[in-house]
Amino acid sequence: MTTVLITGGLTGIGRATAAAFAGQGADVVVAGRHDAELPAGAVFMHADVRQEDDIRQLVDDTVTRFGSLDVAVNNAGTEGAPGAVTEQSADSYAQIFDTNVLGTLLSMKHEMRVMFEQGHGSIVNVSSVLGHQGAAGTSIYVASKHAVDGLTRSAALEAAGHGVRVNAIAPGPIETPMLQRYESTRPETDLRASVPLGRAGTPEEIAKAVLFLGSDAASFMTGEVMFVDGGASAG
Ligand SMILES: NC(=O)c1ccc[n+]([C@@H]2O[C@H](COP(=O)([O-])OP(=O)(O)OC[C@H]3O[C@@H](n4cnc5c(N)ncnc54)[C@H](OP(=O)(O)O)[C@@H]3O)[C@@H](O)[C@H]2O)c1
């Protein structure tokens with residue numbers, strides 16, 4: 001049986017991904033900060049990805065319970081508050097980087113510890129199309145996703161000799177609570193207008209791509225950042 005760990009898996013993309021893996025018969029651990037209603041077939045474990053003790057415990061408890069860690073999806077993320085570069089502070093920087101970058105780093109550190117010992121595993125980090133371009137008014141989020149891509153490629157090089165693959169998915173605008181929050185704070189921004197397919201994606205469309213990257217169907221892919229963005233990055 002495949003064991004899958006998904007951080008930030010109670011809502012949005014993480015939740016849809018948990019449901020997709022569970023639908024394929026995997027043992028799924030959803031990690032989050034609240035004990036909320038779970039996707040069907042998943043087990044909840046508490047973890048704030050900014051806290052190394054939480055992540056160490058999460059990974060160890062997953063292996064204790066299910067015997068292995070085969071796929072890890074580092075999805076937990078925050079968009080932070082909107083604002084220009086001139087309005088930012090050390091606190092607003094930390095609010096985003098501690099979750100999006102430190103959280104991804106700590107998650108990979110402990111997932112790789114276990115996967116290297118197993119001699120196999122697949123990690124999928126959730127980046128963004130904004131990891132590859134600038135966006136006025138959201139510079140820290142943009143920078144954090146650039147960092148996730150750099151971490152992904154570097155970790156992939158370190159992990160390859162251990163039989164472990166590390167990739168990232170780069171979604172365009174996706175219909176989730178994060179997109180709703182983003183749009184409510186930036187009513188002047190029409191993200192859908194930047195998507196050639198003319199709409200935001202669904203969490204289920206991202207989940208299918210994560211399933212692919214996590215599986216043996218992607219066995220020769222590592223260090224890849226895969227866009228799933230309705231063509232937003234094509235122009
Ligand atoms: N929606 C989009 O348009 C879009 C596009 C590109 C990339 N993404 C990325 O996709 C990922 C998932 O976002 P989403 O769109 O599905 O939005 P979402 O529903 O807000 O999901 C984010 C999840 O991360 C959790 N989280 C935040 N900080 C955490 C922390 N410190 N520790 C543990 N969990 C934490 C949140 O739970 P809490 O309730 O605890 O905060 C929430 O469940 C994010 O990395 C995001 O940057 C989204």
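**Ligand site and helix packing**

An oxygen atom of the ligand sits 2.6 Å from an N or O atom in the side chain of Y141. Here a polar contact is a pair of N or O atoms within 3.5 Å; within protein, one must be able to donate a hydrogen and the other to accept it, and residues adjacent in sequence count only if both atoms are side-chain atoms. This is a predicted model: local features need pLDDT of at least 70, side-chain atom pairs count only at pLDDT 80 or more, and totals for chains, interfaces and linings use all residues. Residues are numbered from 1 along each chain as its sequence is written, and side-chain values use heavy atoms, with hydrogens and water left out.

Stay with the ligand. R181 places a polar side-chain atom 2.8 Å from a ligand oxygen atom. G77 uses its backbone: an N or O atom there lies 3.4 Å from an oxygen atom of the ligand. In total, 27 residues surround the ligand. The closest are T11, I13, R33, Y141 and T176. A residue counts as near if one of its heavy atoms lies within 4 Å of the molecule or strand.

Helices (H or I, at least four residues) are DSSP runs, numbered from the N terminus, as are strands (E, at least two). The axes of α3 and α4 (residues 139-159) come within 9 Å and cross at roughly 15 degrees. That makes α3 roughly parallel to α4. Axes are lines fitted to C-alpha atoms, for helices over the stretch in contact, and angles run from 0 to 180 degrees between N-to-C directions. Angles under 35 degrees count as roughly parallel, over 145 as roughly antiparallel, 65 to 115 as roughly perpendicular and the rest as oblique. Contact means heavy atoms within 4.5 Å. By class, this contact has 16 nonpolar, four polar and two charged residues.

Helix α3 (residues 90-118) also meets α2 (residues 52-66). Their axes come within 9 Å and cross at roughly 30 degrees. So α2 is roughly parallel to α3. The contact of α2 with α3 divides into five nonpolar, two polar and six charged residues.

I13, listed among the closest to the ligand, brings in another pair. The axes of α1 (residues 12-23) and α6 (residues 203-214) come within 8 Å and cross at roughly 55 degrees. The two helices are therefore oblique to each other. G12, I13, A16, T17, A20 and F21 of α1 make the contact with P203, E204, I206, A207, V210 and L211 of α6. These divide into nine nonpolar, two polar and one charged.

Notes
Ala, Val, Leu, Ile, Met, Phe, Trp, Tyr, Cys and Pro count as nonpolar, Asp, Glu, Lys and Arg as charged, and the others, Gly among them, as polar.
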